[in-house]
Amino acid sequence: MSFLPEALRLLREPLEERLRATTEADVSRVLGRERISENDFLALLSPAAGACLEALASRAKDLTERHFGRTISLFTPLYVSNHCANRCRYCGFAATNTIPRSKLTIAEVRAEGEAIAATGLRQILLLTGEAPHTAGVPYLEDCVRVLRPLFPSIAIEVFPMETKDYARLIQAGVDSLTVFQETYDPTLYADLHPAGPKRNYAFRLDTPQRGAEAGMRVVNIGALLGLTDWRRELFVTGLHAAWLQKNYPGVDVAMSLPRMRPHAGDFEPACVVSDRDLVQAMTALRLFLPRLSITISTRETSGFRDNILPLGVTRMSAGVSTAVGGHAKPAETGQFEISDGRSVAEVCRMLRAKGYQPVFKDWEPLEVSA
Amino acid sequence: MKQNDTFHIGGKALTSRLFTGTGKYGDDTLIPAVCAASGAQVITVALRRVDLDKKADNVMRHIPEHMVLLPNTSGARTADEAVRIARLARAMGCGDWIKIEIIADNRYLLPDGYETAKATEILATEGFVVLPYMNPDLYVARSLASAGAAAVMPLGAPIGTNRGLRTEEMIRILIEEMDLPVIVDAGIGAPSQACQAMEMGAAACLVNTAIATASDPLGMGRAFGQAVAAGRAAFLAGPGAVATLARPSSPLTGFLDEPGGAA
Ligand code: SF4
């Protein structure tokens, strides 16, 4: 079983035409429905739906509050290695970029963990570039073991693995997997990933389900918005999330909506995703998948993050450094530039002022092997 | 109305039949005031959210002393996970009450009856007061009863939907058939719906989302407290029979009583 045939079917459809043909009257009809179908979801992503943004936003807010309450789950990424064998044209860590490369020792990982834990955070996202020979499964297991006493929830955003490797990491204490397809368009995917293991579109596309099969509690997917037409990308990503929810009902499926940010490479966004577009993308997604967890990262500016908060967001990163070892010592070059540089305490203050409760811990880990 | 309508469950005597929750509040410091306004005496708390290492910033700190703590196993996908969470709750000093929530369906958050019955059996044997969240299914309710549940907690509608008593007929059957208290949990979005459940004979209602996400949680808590009490009072008063047939002023069978009518 794979989402691949479904993705290819969707991509063969004349999505642009259907998006263009959608009228405001079509959108109003969709907004009157209790259940949003695949076709309805496409209508909500259309340019015509852009004119009904307020109606989308109010329904999205209502659904989010009913399902998640006025709470926002907080986490921070911890970059442990920036070695990478890939050449993704949009990324600062690409093998072709001449940036200092480093990989934290386990003692350094512990120091980073302690610095993060001191801010109050209890959920962490462990990141590496894609270099299984430098920072592979055994290294990640060691990282997880030193971090587990500090963090009840550990997520990974590393290279795609086989199911058995995910199972090993779950045993060590990992509970969540993040993997971005970047783009669902296979031709563009081939162009943006000229060399390295990431060239394998199908293997990457099936990664979330391998994680789900291994027993990940949370599986977070996403497309990098700006690489191509966002409406098409979001439609296919949304259907990927729906497919995962349907086939792995025990998994908490989550999605991130990252927009392109400046980085050390030379790639410029092919399409600009405006603030309005991102609001439409997120609210349409919320109406289609009311129980989906949605993450907004510090790629976005503080002002925008504050305003978009009620419209569907359930998780946020805070106190972020995208450089390896950036929490315990001064930062080197990060993977991309962040926009919201506020500390955890500052983000919490903002959340409380807006009537939201920051949630630091949202899972009680059951016994894992020592 | 009957005096002293106390609800006895798990060795406790409760005067309020509204149970409430701690999840979904924008600000946990509201909890004590909501408890006071609503009169609720039982409060459920998701153990997954409690951070033992951070006592200062902990939801438990906001729960008034007099409340009966009902830790729940939210996040558990199997009986085994629920059992481990329950034991953890007891070890933490949360008492013996446990609300079993076993959900392996993240789209609709529907409870798994089979796993719930397994966990109930294990935990009841260990001396827990087990309150299982369930689909309103008579067979599941019976297996929970024989597994040792102290009550059953059927859903009125899926969690967080605020859709009210969508499962009314099934809940009615549980109330008629079960000797255990039936506590309606999930889906109740308005005080009128809680009142209706109580009029039907539910033993109590658990309401979280509708209170926590109201514009005025205190006002909504108070309204729910009153609605639950009103519904209970109506149930005890025994509503008059509802006439299903019209009573015509010249009855169709009136001729039978007339002189010279049928013999
Ligand atoms: S996006 Fe990931 S895989 Fe690609 S170059 Fe950057 S770190 Fe490497």
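Modeller: Start with helix α6(B). The residues B:P191, B:Q193, B:A194, B:C195, B:A197, B:M198 and B:M200 are buried there. Keep in mind that this is a predicted model.

Biologist: What makes α6(B) a mostly covered helix?

Modeller: Count its residues. Seven of the ten in α6(B) are buried. Buried means a relative accessible area under 20%.

Biologist: What covers them? Which elements do the buried residues of α6(B) pack against?

Modeller: In chain B, they pack against α5 (168-177), β9 (183-185), β10 (204-207) and α8.

Biologist: Take α8(B), then. Why are α6(B) and α8(B) called roughly parallel?

Modeller: Look at the angle first. Helix α6 (residues 191-200) and helix α8 (residues 217-237) of chain B pack at about 25°. Angles under 35 degrees count as roughly parallel. The value falls under the cut-off, so α6(B) is roughly parallel to α8(B).

Biologist: How far apart are the axes of α6 and α8 of chain B, and what is the hand of their crossing?

Modeller: The axes are 7 Å apart. The crossing of α6(B) and α8(B) is right-handed.

Biologist: Which residues make the contact between α6(B) and α8(B)?

Modeller: From α6(B) come B:P191, B:A194, B:C195, B:M198, B:E199 and B:M200. Among their partners in α8(B) are B:M220, B:F224, B:V228 and B:F235.

Biologist: And what happens just after α6(B)?

Modeller: B:G201 comes there, with a positive phi of about 115°.

Biologist: Where do B:K24 and B:L109 sit?

Modeller: In loops of chain B. B:K24 lies between β3 (18-21) and α1 (31-38). B:L109 lies between β6 and α3 (113-125).

Biologist: Why does B:K24 count as buried?

Modeller: Its relative accessibility is 10%. The limit for buried is under 20%. Therefore B:K24 counts as buried.

Biologist: What about B:L109: buried or exposed?

Modeller: B:L109 has a relative accessible area of 10%, so it is buried.

Biologist: Why is B:G10 called partly exposed?

Modeller: Its relative accessible area is 35%. Buried means under 20%, and exposed means over 50%. The value of B:G10 lies in between, so B:G10 is partly exposed.

Biologist: Which residues does B:G10 touch, beyond those up to four places away in sequence?

Modeller: B:W97 and B:V129. B:W97 and B:G10 are 87 residues apart along the chain, yet their C-alpha atoms are separated by 7.7 Å. For B:G10 and B:V130, the gap is 120 residues in sequence and 8.5 Å in space.

Biologist: B:W97 belongs to strand β6 (residues 97-100) of chain B. How do you know whether B:W97 is buried or exposed?

Modeller: The relative accessibility of B:W97 is 4%. That is under 20%, so B:W97 counts as buried. Beyond its neighbours within four places in sequence, its contacts include B:I9, B:V42, B:L70 and B:L131.

Biologist: Now chain A. What makes α12(A) and α13(A) roughly parallel?

Modeller: The axes of α12(A) and helix α13 (residues 275-288) of chain A cross at roughly 25° and come within 11 Å. The cut-off is under 35 degrees, so α12(A) is roughly parallel to α13(A). Their crossing is right-handed. The contact includes A:W230, A:L234 and A:L239 of α12(A), with A:A281, A:L285 and A:F288 of α13(A).

Biologist: Which residues touch the most other members of the largest nonpolar core?

Modeller: A:L74 and A:L257, in a core of 123 residues. Helix α12 (residues 230-247) of chain A gives the most to this core, with nine residues. Apart from it lies another core, of 60 residues, including B:Y25, B:V50, B:A79 and B:A117.

Biologist: And how much of chain B is buried?

Modeller: Of its 263 residues, 53% count as buried. Chain B has eight helices and ten strands.

Technical notes
Residues numbered from 1 in each chain as written. Chains lettered and ligands numbered in written order. Predicted model: local features only at pLDDT ≥ 70, side-chain atom pairs only at ≥ 80, totals over all residues. Heavy atoms only, no water. Helix = DSSP H or I, 4+ residues; strand = E, 2+ residues; numbered from the N terminus. Buried < 20%, exposed > 50% of the residue type's maximum accessible area, 1.4 Å probe, protein only. Core = buried A, V, L, I, M, F, W, Y, C linked by side-chain atoms within 4.5 Å. Axes fitted to C-alpha atoms, helices over the stretch in contact; angles between N-to-C directions. Parallel < 35°, antiparallel > 145°, perpendicular 65-115°, else oblique. Left-handed = near helix turned anticlockwise from the far one by under 90°. Contact = heavy atoms within 4.5 Å.
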